[in-house]
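Trainee: I've got a new structure to go through and I'd like a hand with reading it. Can we put it up and take it feature by feature?

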Amino acid sequence: MDISGYKGVMVFAEQRRGAVQNVAYELLGAGRAIADALDEPLIALLAGSELGEEAARELAAYGADLVVIVDHPSLARYLTEPYAKAVMAAVERYKPGIVFFGATTIGRDLAPRVSARAATGLTADCTALAVDDASRNLLMTRPAFGGNIMATIVCPEHRPQMSTVRPGVMRKLERDASRPLRVERVEPAFDGSDAAVEILEEVVEKAQKKKIEEASVLVAGGRGMGGPENFKRLDGLADALGGLVAASRAVVDAGWVPQDRQVGQTGKTVRPDLYLACGISGMIQHIAGMEDSGFIVAVNKNKDAPIFEYADLGVVTDVNKFVPALEEELRAARAGA
Amino acid sequence: MNIVVCIKQVPDTTEVRIDPATGTLIRDGIPSIMNPDDKAGLEAALALKDALGAKVTALSMGPPQAELALREALAMGADEAVLLSDRAFGGADTWATSSTLAAALKKIPHELIVCGRQAIDGDTAQVGPQIAEHLCLPHVSYVSELAVAGGYAELKRVFEDGYQRLRVKLPCLITALKGMNQPRYMSVGGVYEAYRKEIAVWGLAELGLDPERIGLKGSPTRVKSSYAKGSKSAGKVYELDPKEGARLVVEQLKEKFII
C-alpha cells in the first residue's frame, strides 16, 4: 500500500459512561512524544453519545492538538461494531500514520476488529514506544512468552501502525488548561448492520473503587500469606501506608481477592512509588507486572525466592508476624512525627 | 447446529525458563498444552452439544505436532478435527493467521465459532476478532457465560468494571475466557475413538489462498528484535526477626521520603 499519505498520531480516547479513562491521557502523553519526534499532529478520537465539551477540553489540556468527535446514540454504550465504524471513519478521514488504543477489555476488542478492516498490523499490550530514527517507523515493544522475553515489533509497509498499550505504563503530561482546543466532527452513517448485537443488561460493579494501576503505594500479597484471613491483614497495612492492596495470580485464582487486584502478565501492570511484596515468590509473570515500580520491598520467609532478585530491599522473615509489626511501626512513626 | 472451535497448541509458559548464560528461552522439555482459554471454549461448545445437539469441529493451525491438541479435543468429545499445516503458513502474525483460519472456516459449515480470548504464548487476543472481521460476522469477546436458543446466542461479556448481557443473532463468533467452566477430562472411550478418527490436514493448496497474504510474507508486522528481560541489580536482603525487619523497612522508607 502507499503509505506516504499517512501522517499524525491518533489516540482512541476511551470513555465509559461519559468519563474519559485515565489510559487515554497516558496515551496522549506517549503520543505527544512520538508526534513531536515525527513533527506531526496528535489527534484524540472521542466516540460516544451526548458527549460534553468538558471531555474534549481535557483531552486538549493533556496534549491533543485536535479532538475528533464522533457523537451518535449508537455509541451510548460500548459495542464492537458501531465503535469500529466510528474509528474507521476517523482513520479514513485523517489517515493517521499511527493509532493507539488502551489495552483494556474495550481496546483489545476494538483494535483487532479495526486493524483487520484496515488491513494493517496491530501490536498488542505494548510497554514501550519509540520512533526509529532512520526509517521513522514506530518501534513497538511488548512482552511475550508470559513475560519471559521482550519483542520489538515494526509495521513497515502498512498504515496506520496500530498498537494497544498497557494502562499504567505511559506517563500523562502535566495538565495545561491554556492549550488551545480544536474540535472537528466525523459523522459516519450508522444503519441496521451495526445492530447484530443487542444489550439486554449492563451492570457496573466497581466504578467507584480506586484502581491499583493508579495507586502510588501498593501492598501486594501472595500465597505465602497462608490464607484469606491472614491476607485481610494487608488492608490495615495498606491503610497505614495510604495505599491499596494488590495480589499475585495464585491468590486471585484461590479466590482470596477479586481479579481486579491482580498484578502481572495476565493482570495489571503497575508502577507505584512503593511496591511492598508480602509472601510473593516472584514468578516471572508477576515480575512482568511490577518490576518498574519505584522502590520494591520484598518480604518472604524463603531466602531463595526469586522476588529478592528484583527487590531494592529484601527481608527474610515470617511475613505474618512482619505485617502487624510494620503496621505498628508505621503508626508509631507517624504519631512521633 | 454446527460449532467450530479454534484451538492453539502452546508451550506451557509457566514452565518456560531463561538460560542465564545466553539470555534465550529454554524450550527443550517444555510441555505443549491446549491453550487454556481455547479449552474453556471447547468445553462451552461441548456443553451446547450435550444440551441441544450439535456437531463440534476443532480447527487448529500449526506445525504437524499440533495434531496432538486436536486429538485431545476429539477425546474430549469433538466430532471432527481439521489441522491447517503448511510451511507457507509459518511466521504468520495475527493478521495472516486470522486470514488463513478464516479461509478454512469458509469451507466448514458453522453457525457458531468459538475461539479462546488469547493464547498464553502471545497474549494478543487479536485472532478471534480478526477472523470475525474477515468473515463479516459479529463477534463478542471476553465471554464468561454462553447459552443458545432460537437462533440467538445469549452471553455475558466481562469488562474491568462490570459486565453486559448480550443477545447476538447467529452466526457469530465469540472469544471465551478460561474460568467460564471446568473443562471435562478426556474419557477412555474418547481417547480410543480419537485415535481412530482421521484428522484432515489442509495446506495452501486446499485453502486456495494468495501466497502473498499468508505466513511471514503476508504479515504486516515484523519482529525487529527480541531480548530476554534482564533483572535490575538486586538490592540487599536481610534475615531478621519480624520486628527488626519492620523497623528496617520504616527506616528505609523514611530515607527515600516515601513516608
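Trainee: Which strand of chain B pairs with strand 18 of chain A, and in what sense, parallel or antiparallel?

Mentor: Keep in mind that this is a predicted model. To call two strands paired, look for at least two bridges between them. Here, strand 18 of chain A, residues 313-316, pairs with strand 15 of chain B in the parallel sense, over four bridges.

Trainee: Which residue stands opposite A:Val316?

Mentor: That's B:Glu239, which sits in strand 15 of chain B.

Trainee: Zooming out, how many residues of each chain are in contact?

Mentor: A contact here means C-beta atoms within 7 Å. By that test, 70 residues of chain B touch 69 residues of chain A. On the chain B side, several elements each supply at least two residues, among them helix 3 (94-105), strand 9 (139-149) and strand 15 (236-239). Helix 7 of chain B gives the largest share, 10 residues.

Trainee: Now chain A by itself: how is it divided?

Mentor: Into domain 1, covering 9-196, and domain 2, covering 212-336. Their C-alpha centres are 32 Å apart. The contact between them draws on 10 residues from domain 1 and 11 residues from domain 2. On the domain 1 side, three of the residues are nonpolar, six polar and one charged.

Terms used. Residues are numbered from 1 along each chain as its sequence is written. Chains are lettered from A and ligands numbered from 1 in the order in which they are written. This is a predicted model: local features need pLDDT of at least 70, side-chain atom pairs count only at pLDDT 80 or more; totals for chains, interfaces and linings use all residues. Domain bounds come from an automatic or database domain assignment. Two residues are in contact if their C-beta atoms, placed from the backbone, lie within 7 Å. Ala, Val, Leu, Ile, Met, Phe, Trp, Tyr, Cys and Pro count as nonpolar, Asp, Glu, Lys and Arg as charged, and the others, Gly among them, as polar.
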